[in-house]
Amino acid sequence: MLSTQALLSAIGVGEKSATVIGATFQWFLRDLTGMLGGVLFTFYQGSNLDSNAKMWRLVADLMNDLGMLMDLLSPLFPSAFVFIVCLGSLSRSFTGVASGATRAALTQHFALQSNAADISAKEGSQETVATMIGMALGMLLARVTMGHPVVVWLSFLSLTIFHVYANYKAVRCLSLTTLNTQRSSILLQHFVETGQVLSPKQISQVEHILPLWTTPWSLKTGSFLHRRVRLGVRVSSLDHLEMMDLLRNAEAHYKEANYVIVERKGVIRIIMHKYSTARDVLKSFLHALVVSNLIDSNNFSNTNRSVHLNSRLWMDEHYDDFILKLQSSGWNTERLLSHSIIWRANWICGPSNEKTD
């Protein structure tokens, strides 16, 4: 309500000099910017929303707070009013897309009896009641703080900080049972070290749910195995040396797999077969994580066997046991939540069982 009051004041509500057509045009630019922003955000990030539902749920709330901040700033800079309100509308358009997309994923988490429609209806009703109460309290606060800009800003900043903290704690409490790239990385690394599998509740306490740009550089480069894995790489994007590695590895280590892994300079690239299934995608990613872990630990440096051979031996010996322990701990191992895999390759086994493109 504080931001809405500021926005209407900036447009000129209550001033004799304000014109209807002027206010209408400013509102039109604001809405148009928001619509275009929502379309562009969906185009660039749509495939990542499902795999990082917790992070995008938190980002949606942060962007909504940023949009309200822009509305509150708009009366302070009359010359840049249109630009500021368009930024606010753009921010809220990201909120609409991200919150709507992640709501479906989080609803499935609470639908323990496959009653997603019932959960969605009840969640909508609770949100409506909470919004009504918030609007009433907001009207009261706007009335009390009218004409006192310092009090308005203090109230807004205090409520925003509380809102961000409450949303962070709420998202942190979610114990999702689906496997995404980060959760798979944490689970596999812990299994390699201890032979045990963490539960969804334990993972929820250690996984990183803030945006990547808030992650310290040390965590970006070292702590998460999945950071160096590239899933669904296009074959034509490989250079000559990587193509040679691809052909050599395919023949030697991936004859019976629906994927091929190429490692060069610490970056692991996965090429998926045209007819690979969701389980193949999960297996290929876990295999790539094993390769990444071997590179970090240097377990293969003192032997004549390559990292691919060591990783294949680990997969043959431990993969089935790892999947069974994941299932017994409550994890859903049907698929890996990742970005959409657009590029796939097609190969066949030749007379001598080598793979040919």
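Helices (H or I, at least four residues) and strands (E, at least two) are DSSP runs, numbered from the N terminus. The expected span of a helix is 1.5 Å times one less than its number of residues. The structure shown is a predicted model, in which local features need pLDDT of at least 70, side-chain atom pairs count only at pLDDT 80 or more, and totals for chains, interfaces and linings use all residues. Residues are numbered from 1 along each chain as its sequence is written, and side-chain values use heavy atoms, with hydrogens and water left out.

**View 1. Helix 6, residues 149–173.** Helix 6 has 25 residues and should span 36 Å at 1.5 Å a residue; its end C-alpha atoms are 36 Å apart, which agrees. Its buried residues (buried means under 20% relative accessible area, exposed over 50%, partly exposed in between, with a 1.4 Å probe and protein chains only) are V152, S155, F156, T160, N167, V171 and R172. I161 also belongs to helix 6, but I161 counts as exposed because its relative accessibility is 60%. From the C-alpha of I161 to that of D65 is 9.5 Å in space, while the two residues are 96 apart in sequence.

**View 2. Helix 5, residues 116–145.** The 30 residues of helix 5 reach 42 Å from the first C-alpha to the last, close to the 44 Å expected at 1.5 Å a residue. G138, A142 and T145 are buried in this helix. After helix 5 comes G147, with a positive phi near 85°.

**View 3. Aromatic pairs, including F41 with W56.** A pair of aromatic rings is described by the distance of the centres and the angle of the planes. Rings of Phe, Tyr and Trp (its six-membered ring) pair if their centres lie within 6.5 Å; planes under 30 degrees apart count as stacked, over 60 as edge-to-face and the rest as tilted. By this rule there are six aromatic pairs. One of them joins F41 and W56 edge-to-face, with 5.4 Å centre to centre and 80° between the planes. This pair links distant parts of the chain, with F41 in helix 2 (residues 20–45) and W56 in helix 3, 15 residues apart. F41 and W56 are both buried. F43 and Y44 also form an edge-to-face pair, at 5.0 Å centre to centre with 85° between the planes. F43 counts as exposed because its relative accessibility is 64%, and Y44 is exposed with a relative accessible area of 59%. F41, W56 and F94 are linked into a cluster by ring pairs.

**View 4. R234 over the face of W343.** A charge sits over a ring if NZ of Lys or CZ of Arg is within 6 Å of the ring centre and within 35 degrees of the ring normal. R234 lies at 4.0 Å from the ring centre of W343.

**View 5. The second largest pocket.** On a 1 Å grid over the protein atoms alone, a pocket is an open set of points where a 1.4 Å probe fits, with protein on both sides within 12 Å along at least five of seven lines; lining residues have an atom within 4 Å of a point. Grid points are joined across faces, edges and corners, and a volume is the space filled by probe spheres set on the points. The second largest pocket holds about 750 Å³ of space. It is lined by 30 residues, and those closest to its centre are N48, N52, T181, H226 and R227. Helix 3 (53–73), helix 7 (181–194) and strand 2 (229–231) each give two or more residues to the lining. Helix 3 supplies the largest share, four residues.
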